[in-house]
Amino acid sequence: MILETNNLTKMYGTKAACSNICLLVDGGQIFGFLGPNGAGKSTLVKMLVGLLFPTSGMANILGSPLGNLGTRAKIGYLPESFSYQEWLTGEELLSFHGSLYGMSRADRNKRIPLALRQVGLSGKEKQKVGSYSKGMHQRAGLACALLHDPDLIFLDEPTSALDPLGRREVREIMLELRESGKTIFLNSHLLSEVEMVCDRVAFINQGKIVASGTLAELAAQTVEVELQAEGLTQAALAELASRSSSLKTEGRLVRVTLKEREQIPAIAEAVVRNGGRLFSLNVVHNSLEDLFVDLMQSGDQ
Ligand SMILES: Nc1ncnc2c1ncn2[C@@H]1O[C@H](COP(=O)(O)OP(=O)(O)OP(=O)(O)O)[C@@H](O)[C@H]1O
Ligand SMILES: [Mg+2]
């Protein structure tokens with residue numbers, strides 16, 4: 001495992017920003033870490049990159065416990081919010097970050113043009129960072145995170161300032177990085193984006209992990225079925241409700257959420273046995289967004 005956390009916890013006073021977080025991230029993956037505002041995503045990443053001390057728990061990164069300096073040199077980090085020295089040019093900014101990483105001048109001269117090209121900032125290296133647009137700023141941050149060719153890269157909302165084309169480019173950068181064997185830990189709100197690039201995901205809500213797995217595993221956790229039926233009695237609806245975790249009706253349409261596919265025949269049978277006439281029954285594709293909303297709502301109860 002490239003990354004393993006064991007009951008990692010961060011308390012702010014009596015509030016747990018992260019509570020007993022246990023995660024496993026395999027090498028060569030894009031791992032998506034999802035959750036609503038204030039769930040604890042950035043707090044976890046800050047503990048992993050060494051910016052915050054955990055209150056309790058442990059983590060192993062690239063084979064060493066938290067805080068190992070050699071490991072830190074192999075980690076790239078794009079913070080959620082940052083502001084750079086406005087008076088530096090893009091090239092100077094990267095050179096400064098390269099020297100903080102301990103890179104030699106020769107190494108910096110070689111890597112800086114590559115990093116600028118990778119994030120689409122070639123040609124802007126002589127321009128002052130203060131004159132960069134929000135999107136260019138975010139690309140410069142990404143170049144800083146990738147400059148020293150790290151093995152594990154933490155990206156905290158890397159596309160928040162980018163337009164749709166910029167977002168696509170960042171997705172492509174992430175896929176190229178994975179192709180070259182790197183591991184990416186991606187904090188994101190953009191569920192469709194996560195769906196497009198991530199191998200595994202974990203959901204966090206109010207500091208706790210509420211679900212994790214591959215996208216297919218998570219999608220299999222709930223099955224949504226849409227029925228078109230007439231003559232549904234109160235008894236039929238009550239039975240459907242008792243067999244499902246949620247039921248919504250709209251005219252002849254009934255939507256039920258089930259825990260597994262195996263329950264589908266029993267739903268059809270319940271309609272017919274209670275005198276209803278079933279015209280159609282369709283399994284609805286559950287997007288990551290549907291699952292996110294389900295998980296967050298069940299966490300509120
Ligand atoms: N320095 C701090 N002092 C006190 N509470 C904090 C501090 N930093 C974060 N918190 C609280 O910890 C919780 C988790 O915050 P965090 O920034 O990790 O959330 P997040 O999931 O990254 O949210 P967002 O999607 O808005 O970036 C929030 O309730 C936040 O208010
Ligand atoms: Mg955050």
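Let's begin at Leu 186: setting aside neighbours within four places in sequence, Leu 186 is in contact (C-beta atoms, placed from the backbone, within 7 Å) with Ile 30, Phe 31, Gly 32, Phe 33, Leu 155, Val 194 and Cys 198. This is a predicted model, where local features need pLDDT of at least 70 and side-chain atom pairs count only at pLDDT 80 or more, while totals for chains, interfaces and linings use all residues. Residues are numbered from 1 along each chain as its sequence is written, with chains lettered from A and ligands numbered from 1 in the order in which they are written.

Leu 186 also turns up in the largest nonpolar core, which has 59 residues; Ala 143, Ile 184, Phe 185 and Leu 186 touch the most other members. Such a core is a set of buried Ala, Val, Leu, Ile, Met, Phe, Trp, Tyr and Cys residues joined through C-beta atoms within 7 Å. Buried means that 20 or more other C-beta atoms lie within 10 Å of a residue's own, all placed from the backbone. A second, separate core of ten residues includes Val 223, Leu 232, Leu 240 and Val 254.

What surrounds ligand 1? The residues around ligand 1 (C-beta atom, placed from the backbone, within 6 Å) include Tyr 12, Gly 40, Lys 41, Ser 42, Thr 43 and Glu 80. Helix 1 (residues 41-49; a DSSP run of H or I, at least four residues) gives the most to this shell, with three residues.

How values were computed:
Helices (H or I, at least four residues) and strands (E, at least two) are DSSP runs, numbered from the N terminus. A residue is buried if 20 or more other C-beta atoms lie within 10 Å of its own, exposed if 12 or fewer, and partly exposed in between; C-beta atoms are placed from the backbone. Two residues are in contact if their C-beta atoms, placed from the backbone, lie within 7 Å.
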